[in-house]
Amino acid sequence: MTSMALRTIPGANQPPIKSDRSMLTMSDDNVMLRQIQGTHAPSGRDRSMLTMSDDNVMLRQIQGTHAPSGREVDVKPLFHLVEDILDRATLQVDTIFLGSQAKREIEEKAHQANLVAMVDSLIYIIDRISSEISYKALGGSDAHQTTLAIFNLVSEFSWDAKLVLALAAFAMNYGEFWLLAQIYTTNQLAKSMAILRQLPSILEHTGPLKPKFDALNNLIKVMVDVTRCVVAFPDLPPNYISQDDPALTAALAHVPTAVYWTIRSVVACAAQITSLTSLSHEMYSISTTEAWELSTLAHKLKNIHEHLKKQLDICYQYIDDKRNIEAYQMLKNLFETIHIDNMKVLRALIYARDDLLPLVDGSTKKRVSLDVLRRRNVLLLISGLNISSDQLSILEQIYNDSRLHPTRQESQYEVVWIPVVDRSIQWTDAMQNQFETLQLSMPWYTVHHPTLIEKHVIRFIREDWHFKNKPILVVLDPQGKVACPNAIHMMWIWGSNAFPFTTHREELLWREETWRLELFLDAIDPLILNWAKEGKYIFFYGGDDVEWVRKFTNTARNVAQMTRIPLEMAYVGKSSKREAVRRVTATINIEKLSYCWQDPTMVWFFWIRLESMLFSKIQLGRADDQDPMMQEIKKLLSYDKMGSWAILCKGSNAVVNGHGTTVLPALLEYDMWKDQVAVKGFELAFKDHHSKLHDIAQPCCRFEFPMAVGRIPEGMKCPECNRMMEKHITFLCCHDDGTVPGSIF
């Protein structure tokens, strides 16, 4: 580091100066080096190497004084005491000069049982350092030589102890100085001592002296900051970081330099205080040299502090990473162990200590312990803060229905919301408000605050449970074993009837299902279920093409009139593009084209159930099962991505599931198959003609899996031709803020 030179070094033919102003009269490092080199005039090459070698020369000198005896001294309590003294002293300066009456609460960090014994064992060396500083300051000695003398006094101590002892020696004198200033007007003994220290005279000239004390305070604060960093390094846990680890090795390499410049700053501050009591009041105004000296030291120490703080943060991150890796592995092992109940698992996931109640009861909004979940089936609802109102609305309905009959087997579970947030993003008031709003809306248990969920738990949730920001529902049995890695799809498809939400239960439920109206509609709309019970023909249709909707509904109605069949039609929207669906719905209502759902949540639930059916099969490893039911589900999901579509049902029986490019032409060509209606019936005649068009058109199939799904199949077979589908990477932007939230696809 280089800086400006102000004057020559005191030495031959240079009388000593009472106030040590020699430290920074040249480049702060170059001064020290030339003091070492004497009057040697460097050559051009020497000058070019000067700034590179300055700290190295100093480092060799102070390391030459370092002869640790192996005596271990925990100086943290002493440092806390010194820190308290200097904090109060600098506050006292502000009080005197600014007239401030501000109060502050002092943290009593230093009052430990062994503090008195520690001070007693170290007071001799502290007094020696104090005397050395005072003597050299009065004699105008060179700052570097005084600093080296202090290093020789503390040669047997560790680097952090050297620094704290020197700072303690300074704090003892500096604290006494300001203690007298504080009480001398009310205490006769203090008044007499203050007169000896010339305090009344000093305090009478507060105006000229304020810049000096401002500069001193600034330097003292950064001295404390650097010391705080240096003291922190020996306190790093050796079982997570050793001196052989590059992170700590790089940091410790800079500690001797930091200790040197902090002790040298101690010498400079002491010299300034000494000058106050030894100079006449005519010299109280701070000189340009003194001001530059203190500010330059402060600037250098700030740079050192920033570097040390950065290195310390790297060490903390290294330790944190190792702890997280260890904790993550322990959590993995925990799930591979048999337990008598679920408490170990829940404590490891949510909160392991007993110092607070980690849950909030959704029914009472009161804090509760994890014991309320002991030996219960627990469904962990894991999501970010962006979980949609649609999802919460349906989940709440399912949950509340299960609470109506608490003794039933399917009601024997509890839900706990685990909010997962990115810990690298600063927690804001907006996020807090969003979290509290969600928490208040939930009737089940919730984690008190997202910060309770540790980093290694979030990693486990993401890597082992495949959470990718879309809500999942992990099921833990009464012993804490994972019964299902994600039962959210079971909840959407079968609700509480899927209890106990195990993979085995999921497989049993699928065996009972067939491709029928009740499967894809469930109890979303009782009116449509009544149509089915009455044996009516029902066209379900969807898409966002208004013209296709007009043409399809009008054509279907005309065909129904000609065949004299009871036909109902229901528009069920689209899995995405909510705003476009809303526009189509408005047109249908105005033109009375058919029946449609007015509540967007019903549209969302219809599609999330269908998508969950495919996701369920993927999780079971049976996405390519050749059963007709799965083929029809995949067709419908594909048609939704490709445009318009329609399903014809006769009562509960789903007859035709077709793309818009084949269903509408089949209706328009009614004259070509009308003679078959009397022979086969409407549904079979329509199905046969549609099949002919379908075989000719061969519409493409398409599935989209966002990265947030969590589990994406390696490959899928086409439901139309049974060949393996090609895999593409798609970047998609629909320019629609109303996209249906929570959609899997």
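How much accessible surface does the chain have, and what share of it belongs to carbon and sulfur atoms? The accessible surface comes to about 35,000 Å², and 53% of that belongs to carbon and sulfur atoms. Areas here come from the Shrake-Rupley method with a 1.4 Å probe, and for residues only the protein chains shown count as cover.

1. Ground rules. This is a predicted model, where local features need pLDDT of at least 70 and side-chain atom pairs count only at pLDDT 80 or more, while totals for chains, interfaces and linings use all residues. Residues are numbered from 1 along each chain as its sequence is written, and side-chain values use heavy atoms, with hydrogens and water left out.

2. Overall make-up. The chain has 28 helices and 12 strands; these are DSSP runs numbered from the N terminus, with helices being H or I of at least four residues and strands E of at least two. Of its 745 residues, 52% count as buried (buried is under 20% relative accessible area, exposed is over 50%, partly exposed is in between, with a 1.4 Å probe and protein chains only). Taking contacts with a separation of 6 or more, 73% come from residues 24 or more positions apart, where contact means heavy atoms within 4.5 Å.

3. The sheet. Seen in order, β2-β1-β5-β4-β3-β6-β7 make an open sheet of 7 strands with mixed pairing. The edges are β2 (367-368) and β7 (482-484), each with a single partner strand, so one side of each has no neighbour in the sheet. Strands count as paired if DSSP finds at least two bridges between them. Strand β1 (residues 359-360) and strand β5 (residues 445-447) run antiparallel and are joined by 2 bridges, with Val-360 opposite Thr-446 in β5.

4. Nonpolar cores. A core here is a set of buried Ala, Val, Leu, Ile, Met, Phe, Trp, Tyr and Cys residues joined through side-chain atoms within 4.5 Å. The largest has 76 residues, and Leu-86, Ile-125, Ile-129, Leu-165, Leu-219 and Phe-233 touch the most other members. Leaving aside neighbours within four places in sequence, Ile-129 is in contact with Ile-150, Leu-153, Val-154, Leu-165, Ala-166 and Ala-169. Apart from that core lies another, of 70 residues, including Leu-385, Met-491, Ala-570 and Met-613. As background, nonpolar side chains tend to be buried together in soluble globular proteins.

5. Salt bridges. The whole structure gives 26 of them, counting a side-chain nitrogen of Lys or Arg within 4 Å of a carboxyl oxygen of Asp or Glu. Asp-320 pairs with Lys-455, with the closest N and O atoms 3.1 Å apart. Asp-320 sits in helix α12 (residues 288-335) and Lys-455 in helix α16 (residues 455-463), so this pair ties together parts that are 135 residues apart in sequence. Both ends are partly exposed: Asp-320 at 25% relative accessible area, Lys-455 at 36%.

6. Other charged pairs. Asp-355 forms a salt bridge with Arg-353 at 3.8 Å between the closest N and O atoms, and Asp-355 is exposed at 54%. Glu-518 and Arg-516 meet at 3.6 Å, N to O; Glu-518 is partly exposed at 25%, as is Arg-516 at 27%.

7. Cysteines. How many disulfides does the structure hold? The count is 0, using a cut-off of 2.5 Å between cysteine sulfur atoms. Cys-229 is buried at 3% relative accessible area, and Cys-484 is buried at 0%.
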